[in-house]
Amino acid sequence: MSTYYLEDLQPGMRFSTGPQEMSEADIIRFGEEFDPQPHHVDPVAARNTFFRGLVASGWHTISVMTAMAIRSDLRMAEGQIGIAVEGIRFIKAVRPGDRIALDMEIREVKASESRPGWGVIKVLWTAINQAGEPVLELQPSILVKARERVAPSVASAAQ
């Protein structure tokens, strides 16, 4: 597995992960601790909600996506240091038994003006279920170490 530095990354590069199952037990456990609403913690009560059944918290799905990204082939020197997230879209409910995979597309790469030797990439993360449907999308900005000091005007940007 490669370790990526800022200079190795370009807009349009894609990375993906295999699927991970969202079990009923995990959905309820996360919901009880972090998002205790009936549609996340009680399969019977969830039938009478907007969702008509148990669904994963969007924050649970984002947490799973984060773990998938960290374990993916997009391994960066110094790790993935998140500095912002834009455009969170909860597209489709994630239900027990759904298997989600993560698709990551680098959208922008630029050297940092305030941190010499570092840069920022924007990556579109899309969680996709077993039917090939997007279920959640967000765009994190990640701080990435450069091999050398890179001038901001030299870095590439989204096209």
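Here is a friendly chat about the core and pockets of this predicted model.

Colleague: Let's look at methionine 104. Which residues does it touch, leaving out those up to four places away in sequence?

Modeller: Leaving out residues up to four places away in sequence, methionine 104 touches Met13, Arg14, Phe15, Thr17, Ala69, Ser72, Leu74, Val123, Leu124 and Trp125.

Colleague: On to the largest pocket. Which element supplies the largest share of its lining?

Modeller: This pocket holds about 260 Å³ of space. Among its 18 lining residues, Phe51, Ala56, Gly58, Phe90 and Ala93 are the closest to its centre. Two or more lining residues come from each of α2 (38-41), α4 and β8. The largest share, 3 residues, comes from α4.

Colleague: And how many charged residues line the second largest pocket?

Modeller: The second largest pocket has a volume of about 150 Å³. Its lining includes Ile62, Thr66, Gln80, Trp125 and Pro140, and α4, β5 (81-90) and β8 each supply at least two of the lining residues. By class, the lining has 8 nonpolar and 3 polar residues, and the number of charged ones is none.

Terms used
Residues are numbered from 1 along each chain as its sequence is written. This is a predicted model: local features need pLDDT of at least 70, side-chain atom pairs count only at pLDDT 80 or more; totals for chains, interfaces and linings use all residues. Side-chain values use heavy atoms; hydrogens and water are left out. Contact means heavy atoms within 4.5 Å. On a 1 Å grid over the protein atoms alone, a cavity is a set of points where a 1.4 Å probe fits but cannot get out, and a pocket is an open set with protein on both sides within 12 Å along at least five of seven lines; lining residues have an atom within 4 Å of a point. Grid points are joined across faces, edges and corners, and a volume is the space filled by probe spheres set on the points. Helices (H or I, at least four residues) and strands (E, at least two) are DSSP runs, numbered from the N terminus. Ala, Val, Leu, Ile, Met, Phe, Trp, Tyr, Cys and Pro count as nonpolar, Asp, Glu, Lys and Arg as charged, and the others, Gly among them, as polar.
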